[in-house]
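Here is a short report on one protein model. Please keep the sequence and the 3D view at hand while reading.

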Amino acid sequence: MPNEYRTDRETEREEMFTVNEVEGILRRGLNRKRDSGEITRGELVDTARELGLDSREVERAIHEQRKFGSIELARDEYKAKKKLGFYRHLRTYLIINGALLLINLVSDGGDLWFFYPLIGWGIGLAFHASNAFNPSQREVDSGARRILRKQQRRGLEFD
């Protein structure tokens with residue numbers, strides 16, 4: 001049972017974690033904390049100090065997060081919008097082509113013409129899926145910048 005939690009007494013040496021595991025564990029803990037409130041700068045610095053990080057490094061990381069964190073969130077938002085657009089397109093494709101199938105079967109069951117729009121539109125849908133799930137980094141960055149500009153304009157309108 002290698003993934004079970006063990007106390008210090010149960011292990012001969014202290015358990016080690018990779019940086020990715022530490023990030024995941026802290027993210028889970030912070031997500032639980034988020035439900036009960038926010039974390040102050042002091043709490044953040046104290047926690048980092050307990051982890052052996054210098055407070056200057058934490059301050060630098062806070063600055064970088066404020067500078068670059070918004071672009072990362074905007075990139076994630078852009079990717080999510082692209083996927084949502086694809087799922088809407090897929091839903092429309094299924095509904096319309098299902099209706100065309102019914103019309104074809106009810107009106108003239110001998111000649112199955114509904115395959116032509118199904119295949120043609122399906123090719124376009126495949127390209128849309130490719131673009132939604134594998135956008136280029138350039139496209140993601142451009143979309144993220146548009147989102148940030150839109151957010152800035154909205155912020156100015158409400159001030």
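Leu26 is partly exposed, with a relative accessible area of 37%. The term covers values between two cut-offs: buried means under 20% relative accessible area and exposed means over 50% (1.4 Å probe, protein chains only). Leu26 sits in helix 1, residues 19-36. Helices here are DSSP runs of H or I with at least four residues, strands are runs of E with at least two, and numbering starts at the N terminus.

Leu26 is one of the residues in a nonpolar surface patch of about 520 Å². Patch residues have over 30% relative accessible area and no salt bridge; like charges are joined within 9 Å, and nonpolar side chains (Val, Leu, Ile, Met, Phe, Trp, Tyr) within 5 Å. Accessible areas come from the Shrake-Rupley method with a 1.4 Å probe, and for residues only the protein chains shown count as cover.

## Model and overall fold

This is a predicted model: local features need pLDDT of at least 70, side-chain atom pairs count only at pLDDT 80 or more, and totals for chains, interfaces and linings use all residues. Residues are numbered from 1 along each chain as its sequence is written, and side-chain values use heavy atoms, with hydrogens and water left out.

The protein has five helices and zero strands. Along the sequence the pattern reads α-α-α-α-α. Of the 159 residues, 16% are buried.

## Salt bridges

Side chains of opposite charge can pair when their charged atoms come close. A salt bridge is counted when a side-chain nitrogen of Lys or Arg is within 4 Å of a carboxyl oxygen of Asp or Glu. The count by this rule is five.

Helix 3 spans residues 55-107. Glu57 and Arg60 form a salt bridge at 2.8 Å, N to O. Both lie in helix 3, three residues apart, about one turn of the helix. Glu57 is partly exposed at 42% relative accessibility. Arg60 is partly exposed too, at 44%. Glu77 and Lys81 also meet in a salt bridge, at 3.4 Å, N to O. They are four residues apart in helix 3, so about one helical turn separates them. Glu77 has 30% relative accessibility and counts as partly exposed. Lys81, with 45%, is partly exposed as well.

What does Arg75 pair with? Arg75 forms a salt bridge with Asp141, and their closest N and O atoms are 2.7 Å apart. Arg75 lies in helix 3 and Asp141 in helix 5, so the pair ties together parts that are 66 residues apart in sequence. Arg75 is partly exposed, with a relative accessible area of 25%.

Helix 5 covers residues 137-158 and holds Lys150. Lys150 counts as partly exposed at 40% relative accessibility. Lys150 belongs to a positive surface patch with Arg145, Arg146, Arg149, Arg153 and Arg154. Lys and Arg count as positive and Asp and Glu as negative, while His and the chain ends are not counted. Each charge is placed at NZ of Lys, CZ of Arg, CG of Asp or CD of Glu.

Is Asn104 buried or exposed? Asn104 has 0% relative accessibility and therefore counts as buried. Asn104 lies in helix 3. A polar atom of the Asn104 side chain is 3.4 Å from the backbone nitrogen of Phe114. A polar contact is a pair of N or O atoms within 3.5 Å; within protein, one must be able to donate a hydrogen and the other to accept it, and residues adjacent in sequence count only if both atoms are side-chain atoms.

Asn97 is found in helix 3. Asn97 is buried, with a relative accessible area of 4%. A polar atom of the Asn97 side chain lies 2.9 Å from the backbone oxygen of Tyr93.

## Pairs across the sequence

Ile62 is another helix 3 residue. Ile62 is buried, with a relative accessible area of 13%. Ile62 and Arg41 are 21 residues apart in sequence, and their C-alpha atoms are 9.2 Å apart.

Phe133 lies in helix 4, residues 115-133. Phe133 is partly exposed at 35% relative accessible area. Phe133 and Phe86 are 47 residues apart along the chain, with 8.9 Å between their C-alpha atoms.
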